[in-house]
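Colleague: I would like to go through the side-chain features of a model one at a time. Please give the general idea each time, then the case at hand.

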Amino acid sequence: MTAEHQRLAVNATKAIPLAQWGPYLSERQWGTVREDYSTNGDAWHYFPFDHAHCRAYLWGEDGLAGISDYFGNLCFCVALWNGNDPILKERLFGLSNPQGNHGEDVKELYYYLDNLPTHYYMEYLYKYPQQTFPYEKLREENQKRGKLDPEYEILDTGVFDKNQYFDIKVTYAKQGAQDIFIQIDITNRYNKAAEITVLPTLWFYNRWKQGSFKEKPSITQVNKTTVRAEHERLGEYYFYFQPADKTFFTENETNTEKVSNIPNESIFVKDTFHDAVIKGKNVPELTKKKEGTKFSPVYKMKISGGSTKTIYCRLNNQWLDNAFPNKFKDIFKVRKQEADDFYAAILPKGMNAEMAKIQRQALAGILWSKQYYHFDVEQWLGTTDGISPVSNSKMTGRNSDWKHLKNQDIILMPDKWEYPWYAAWDLAFQCISMAVVDPTFAKHQLLLVMREWYMKPDGQLPSYEWNFSDVNPPVQAWAAMQVYNIEKKRTGTGDINFLKKVFHKLLINFTWWINRKDINGNNIFEGGFLGLDNIGVFNRSFHFPGEMQLEQADGTSWIGTYALDMMEMAIEIAMHDESFEDTATKFFEHFVLIAESLNEHGLWNEEDKFFYDVLCVSGADPKPLRIQSVVGVTSLYAVSSISKRVMDKLIDFRKRITWFEDYRIRNKKFWPNEERSDDGELLLSLVPKDRLVNLLERLLDEKEFLSEGGIRALSRYHDEHPYSVVVDGHTYTIRYDPGDSTSDMFGGNSNWRGPVWMPINFLIIQSIRKYGEFYNDSLQVEFPTGSGIKMNLTQVADELTKRVISLFEKDKEGNRRLYGDYSWFYKQPGNEDLVLFYEYFHGNSGRGLGASHQTGWTALVAELISEYGNK
């Protein structure tokens, strides 16, 4: 076992398998629903970026390259000033949803370089312009642009031309669980000397405003290079730092004069450091103050072109006479080597260096995406933030039926700036990547969202804070089996207790789906947008007036997949505990009934050989919405095989499904695709073999779904053949849209009408591989369609995997397709190995789009690399 594996083994024995200190600080707290106390639910305008530096938060904190304890009580980050900006750089800047021509978007350059599951070693890189940061230019240029225009990015502004910027690299190395060394390297990438002011900042999350504590916490000066932080729950910590030019104390309190035009009771407010550093205001008073809830040593330095200066700090829960002894810097080398040893142990052997770097950065990103998330909906609805009074409209508005939801946990975020809130189906995908580095925490996260302070009493899982009642695809059972199998493959032992816990909770959730989303009781399901935002020709979550219903091909396929996943889980448990055998039978029978509805009740279009949503209007014939999208491909996900070993042991299960098959065939009822191999293995799938071939013909056609970077979410066929439908007097149209979204649906910051999405590609690849493992060479298809090249489905899965991975790889000229027109920046010395993990990718060029740090699910590329590298 590596040193990190030993630490993880200790963590696994804890009730919460988590290090006390980690990268739990959010990268954006402003503009969130949690901080919105408006009467109209306009979170972006109620708490804008311009308030973030001067207004205290109620439900968390944010900062640049920061850390906190796992209750977010004490926080640390780095603040910077280049001598030109109107504010200190304490947090990442980005556009709010109304400001961006494609919704909210961070406008910064930062990278998660390295991390360990216990966070004994972490690296973060931020690139800070030496010129004035182009806040207004980014706002104005994006406001000028329309939906058909690309976003105006920071690399378009010119502030990084000629390398006129600083690299700020922050490295954390733990000496122990409550002893953290911090190294801040400031490198001048320009060829001329430049000045910069650096403020390593320590502060307390303002809970005292809500009356949560008996005593207000405090940070107090001990000597010229030490302060003591005291907190009634966290205890006592000491922050050690090297001699500084000045030391500043203030309070983490709102500057009411700036926010509400109400005079401040004191000059010591949240943004006092800004005025002191930039304007020289109140410096004498600041230097005299020796206590507060926010503290910074101030380092003003001039750095020669190409040179680096370093600041060291240390956070410890013990008093030390000498915080920086001889050779203290060795701890960074030791922890770095431990990180190298850990990844060498868990990643495939013999992988080329390029692939290993991509994989390691993907996994670092998923580890950096841990965040302290605090939201008590009942308290939020019934209290004031001190600025706006309690609103009666809120009591019946957003999330008002989720009063039971009381979250205060470390949870994986899709993207800590663009999506600094958990999302149910994103989290399921994240746990698969997390299982590669820390299966115990992955299991904890899957179970967490099913706990009673998340799951509704009726079984519904929370979607995301903008609307907890929205419905995401039910992928939790599938993800649980993925995590279970990843751990079992590595350790040789499967965690059956984990599966039992998941199974019990998902029984409730499955029942909710059956009772709430199958209105007619015919096993055809709705679900609304189902996480695919603008995939429909209209908003699929909208309920049209009158007797009108949308029967969803993907909603039905997802529940068929859910039933099959629950059957798989029950079978795995039943191999150890026979009391679960009858539930395996129950889900098998449910799967059969759903398969019948999907294939026999109008969702399959024989002319197009494709599954479609169907619009049902009273008094009219059902109308298939003939849109060739991943909605019609979802049926591929429901595929499973049952080995002869299982059939031999689970006798009652075998008898029951044999009887059920005989009964249905004897009575001329539908029976799903079921095939047996020579060795007795049984294949089950929603899609009959002939329809599987039909779907693959479209899916693997480069004129339709197949791109150089993977499977598109919408067929390219709709580029020249847009689809329109008239509903209730309104005409709705959809066409192939391979880049940023050109619609405002669901905020307009994501697009499912043509780009390549990692989670969908991962599901497709996994499913095709399962088919391939069963059929071997007995089923071959053309890849690509029309090429004349025949492959079995395992080979097809490999080819799709290579295409997806190619988005991240360098070509012969050193370009990565995901960077598109910005490849020039990433070919410069020092930037060659920096990889971003975008939310989705252009359907033609492969350029990265949407959130730039969506390791929430784009980190799945790490698992694809492992699967492909193990061949």
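Colleague: Which side chains does a polar contact of 2.7 Å join?

Modeller: A polar contact is a pair of N or O atoms within 3.5 Å; within protein, one must be able to donate a hydrogen and the other to accept it, and residues adjacent in sequence count only if both atoms are side-chain atoms. Here the side chains of Thr-187 and Thr-308 are joined at 2.7 Å. The model is a predicted one, where local features need pLDDT of at least 70 and side-chain atom pairs count only at pLDDT 80 or more, while totals for chains, interfaces and linings use all residues. Residues are numbered from 1 along each chain as its sequence is written, and side-chain values use heavy atoms, with hydrogens and water left out.

Colleague: Where is Thr-187 found, and is Thr-187 buried or exposed?

Modeller: Helices (H or I, at least four residues) and strands (E, at least two) are DSSP runs, numbered from the N terminus. Thr-187 is in strand β9 (residues 179-188). Buried means under 20% relative accessible area, exposed over 50% and partly exposed in between, with a 1.4 Å probe and protein chains only. At 18%, Thr-187 is buried. Its contacts (heavy atoms within 4.5 Å), leaving aside neighbours within four places in sequence, are Tyr-165, Phe-166, Asp-167, Ser-307 and Thr-308.

Colleague: What does Lys-89 touch?

Modeller: Not counting residues up to four places away in sequence, Lys-89 touches several residues, among them Leu-64, Glu-108, Tyr-126 and Tyr-135. With Tyr-135 there is also a side-chain to side-chain polar contact of 3.0 Å. Lys-89 lies in the loop between β3 (74-81) and β4 (94-95), and its relative accessibility of 1% counts as buried. Leu-64 is 25 residues from Lys-89 in sequence and 8.0 Å away in space, C-alpha to C-alpha.

Colleague: How many aromatic pairs does the structure hold?

Modeller: Rings of Phe, Tyr and Trp (its six-membered ring) pair if their centres lie within 6.5 Å; planes under 30 degrees apart count as stacked, over 60 as edge-to-face and the rest as tilted. The structure holds 79 such pairs. Tyr-110 and Tyr-124 are stacked because their ring centres are 6.2 Å apart and their planes lie at 15 degrees. This pair links distant parts of the chain, with Tyr-110 in strand β6 (residues 109-115) and Tyr-124 in strand β7 (residues 121-129), 14 residues apart. Tyr-110 is buried at 0%, and Tyr-124 is buried at 0% too. Phe-239 and Phe-241 form a tilted pair, with 5.9 Å centre to centre and 35 degrees between the planes.

Colleague: Which ring does the charged end of Arg-7 sit over?

Modeller: A charge sits over a ring if NZ of Lys or CZ of Arg is within 6 Å of the ring centre and within 35 degrees of the ring normal. Arg-7 has its charged end over the ring of Tyr-120, 4.1 Å from the centre. Arg-55 lies over the face of Phe-47, 3.9 Å from the ring centre.

Colleague: What volume does the largest pocket have?

Modeller: Rolling a probe the size of a water molecule over the atoms shows where empty space is left. On a 1 Å grid over the protein atoms alone, a pocket is an open set of points where a 1.4 Å probe fits, with protein on both sides within 12 Å along at least five of seven lines; lining residues have an atom within 4 Å of a point. The largest pocket has a volume of about 1,200 Å³. Of its 36 lining residues, the closest to the centre are Met-481, Gln-482, Asn-485, Lys-770 and Glu-773. Helix α13 gives the largest share of the lining, nine residues.

Methods:
Points joined across faces, edges and corners; volume = space filled by probe spheres on them.
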